[in-house]
Amino acid sequence: MNRRIIPAVLGALLLAAGAYSPVAQADASIPIADFFKKAEFSGAPVLSPDGQNMAVLTPRNGRFVLAVINLDTRASTVVASDPEWDVANPIWVNNRRLVFSINKGGEEVMEKQTGGGLFAVNSDGTSFRKLVISIKEATSANKPYKPVSVLTRVGGDSNDLIVVNNERGRDADLGASDVFRLDTTNGRMALLTFNNPGAVSGWVLDHDNVIRVASSMTVEDSSKRIIQTVYLRDDEKAPWKAIYKAYLDEGKDMNPLGFDFDNKTLFVAGRFNGRDKAGVHIWHTASNTAGELIAEHPEADIPAGLIFDETRKKVVGVSVQGMKPEMYYFDEDYARLQAMLDASLPGERVRFQWSGTHAVVFTSSTSNVGKLYHFDTAKKTLEPLYSVKPELEGKKLSEQTVIRYQARDGMSIPAYLTLPEGRPAKALPLVAYIHGGPHARDGYGFDPITQMLASRGFAVLQPQFRMSTGFGWKHHVAGWKQWGLAMQDDITDGIETLVKQGVVDRNRVCIIGASYGGYATMYGLVKNPDLYKCGINWVGVTDVKMLFTVNWSDMSGPVMDNVGAKMHGDPKTDDAYFAKVSAIGHADQIKAPVLMAYGSEDRRVPLIHGEKMRDVLLKQGNTVEWMVMTGEGHGWSKESNNIKWGETVYRFINRYIGDGATAVATTATTAGAGQP
């Protein structure tokens, strides 16, 4: 393998057909519903292993059906459909057979998302087979639901898949799974992990489909800390040997990524040799140490992202999820194709899936939620397939930019700033939009709430405050036990930076967010009551200790007992901290109007979080708007609920910092001017 990263040098590509690019024009009148409607097409097309056919989920009679398109003849065949279910997640088993699952898509609330299952069919629509029954069918028959996840296809003409099932380890707190060989023609499963090192949550096969690496998480008896053990074996009959151990709460866990095509060179990702940010290394099996560093990034972790090309038998590149997605190649052919596509589609973020002489190309940009193309590498033709959200086609969306600002203690905080298209970046109303987790992060790309608000004239700030993941271990742990403290200050400091720059009007700022973002909203209103004119909290935590004490929440078990207690506070020893950062406990400081919404079936942040806060605020006379999304969980699944929520969010924010607030203020001033 050539491990030299090849830059995608710009090249020229003359298109013989159809790469259209309609002129996008600024349009502030896009209906709010259009931002929140489900995509017209579901997922990207998937090439068959030989690149001759393409599986596409296409709309028909209100449902997504599975069609197979021959790329040479353009013949299209619908191979799977159901009047009550959407087809989802197609995977090629070989060049003539596929598997898929089902769901309700945006038609139903979370409570009724009872699909799943696994089904197989040939590319001509024959030989259909039910492999795993759906959640609904299992429940109706009073049977346990036994899902499988696909690790890999066996390859060649085989109808078999290698899959993972956790039936034997269903009750294990930290995951325990087995690997099976599944025959997609008859549904029979053969256990491959008789020799199992125990409590394995992750498996890696080599390119001969031999199970070679196992990763296990267990609770250490003496300390009750979670420890990862990674095992390796030389071949199918060799014993498992522990090659690595690390505590999860130290951020030194390893992610085994796979083998090079010699089946000897193992790639792993992690923070080794004192590094702050995760990178990709070659593992030295002789010394059990991380060796050559083959991929790193100065600002972002690379916990995964290696790209394997089974046909060419090469590791061809690595993808990096920095503040903007980046792609680096080891393979000259891939680098050359990327350069040609970039030159042909200027201003677009271009990704592709390539097999044989065909590539499926996906593009996105400020004015493009997503377009799909077919590229013929022999004929050098680029053909448009479809737009993901045609209702936004030709509409100018607002640019999402990356900024950095300095927190009050000197820490550099990355953030996304979306400014309304066509308006001067001066004295704008601002919405601080805070992500959940909090051990998570925002991503680059289309977000319906952000774009909807920007289209209505609001600037939107999305800070990646300390505790956010993906920016190194130091950035993450700086947020441990900092709910309401430094984490909250990071948000405030970002707003103050924009105010000082003149971009934002200090008197027109709102804060919104879901889950942890809902907590940051409520505590922001507590801690900085004069900064915010309104707040929106959906499915938000309102008291940190309740994460541990509400016994019908899914936030329980060894992870919360160990890592959770370190990140969020220990219920056994941190009562003073919990009292200090409780939004409910300091609700008397809140002045601004609040909109709150919760899902009736939410097990992550149960309804009681919102009900308690609502009752306290109403009792003390605050303005509160309250919504319960019946049947929904930790977020909204149903399309109509997402549209309703988007419209509600806009009306609420506009009333307090938008044109609605300006109109009210003008009316009040005019009325006052006529008084003696």
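Okay, let's start with a question: is phenylalanine 578 buried or exposed? What we have here is a predicted model, and I'd like to walk you through a few spots in it.

So, back to phenylalanine 578. This residue is buried, with a relative accessible area of 3%. Its partner is tyrosine 577, and the two rings form an aromatic pair. How do we talk about a pair like that? You give the distance of the centres and the angle of the planes. For tyrosine 577 and phenylalanine 578 that's 5.7 Å centre to centre and 45° between the planes, and we call the pair tilted. Tyrosine 577 is buried too, at 12% relative accessible area.

How many aromatic pairs does the count come to? The count comes to 26. Let me pick out another one, tyrosine 416 with tyrosine 444. Again the pair is tilted, with 45° between the planes, and here the centres are 6.2 Å apart. Tyrosine 416 sits in strand β31, residues 412-418, while tyrosine 444 is in the loop between β32 and α4, so the pair ties together parts that are 28 residues apart in sequence. Tyrosine 416 has a relative accessible area of 0%, so we call it buried. Tyrosine 444 comes out at 28%, which makes it partly exposed.

While we're in that loop between β32 and α4, have a look at proline 438, which lies there as well. Glycine 437 and proline 438 are joined by a cis peptide bond, with omega at about 0°.

Next stop, two helices. Find α6, residues 486-500, and α7, residues 516-527. Their axes are 10 Å apart, and the helices pack at an angle of about 75°. Anything from 65 to 115 degrees counts as roughly perpendicular, so that is what we call α6 and α7. Which residues meet there? From α6 we have Met487, Gln488, Asp489 and Ile491, and from α7 there's Tyr516, Tyr519, Ala520, Tyr523, Gly524 and Lys527. Sort the residues of this contact and you get 6 nonpolar, 2 polar and 2 charged.

Tyr516, Tyr519 and Tyr523 are part of it, along with Phe465 and Trp483.

Rings can have charged neighbours as well. At tryptophan 85, the charged end of lysine 104 sits over the ring, 4.4 Å from its centre. At tryptophan 626, it's the charged end of arginine 614 that sits over the ring, 4.6 Å from the centre.

Now a bit of backbone. Which residues other than glycine have a positive phi? One of them is asparagine 288, where phi is near 50°. You'll find asparagine 288 in the loop between β20 and β21, and at 30% relative accessibility this residue counts as partly exposed. Valine 539 also has a positive phi, of about 50°. That valine is in the loop between β35 and α8, and valine 539 counts as buried, at 2% relative accessibility.

Last one: serine 222, in the loop between β15 and β16. Serine 222 is exposed, at 70% relative accessibility.

Notes
Residues are numbered from 1 along each chain as its sequence is written. This is a predicted model: local features need pLDDT of at least 70, side-chain atom pairs count only at pLDDT 80 or more; totals for chains, interfaces and linings use all residues. Side-chain values use heavy atoms; hydrogens and water are left out. Axes are lines fitted to C-alpha atoms, for helices over the stretch in contact, and angles run from 0 to 180 degrees between N-to-C directions. Helices (H or I, at least four residues) and strands (E, at least two) are DSSP runs, numbered from the N terminus. Angles under 35 degrees count as roughly parallel, over 145 as roughly antiparallel, 65 to 115 as roughly perpendicular and the rest as oblique. Contact means heavy atoms within 4.5 Å. Ala, Val, Leu, Ile, Met, Phe, Trp, Tyr, Cys and Pro count as nonpolar, Asp, Glu, Lys and Arg as charged, and the others, Gly among them, as polar. Rings of Phe, Tyr and Trp (its six-membered ring) pair if their centres lie within 6.5 Å; planes under 30 degrees apart count as stacked, over 60 as edge-to-face and the rest as tilted. Buried means under 20% relative accessible area, exposed over 50%, partly exposed in between (1.4 Å probe, protein chains only). A charge sits over a ring if NZ of Lys or CZ of Arg is within 6 Å of the ring centre and within 35 degrees of the ring normal.
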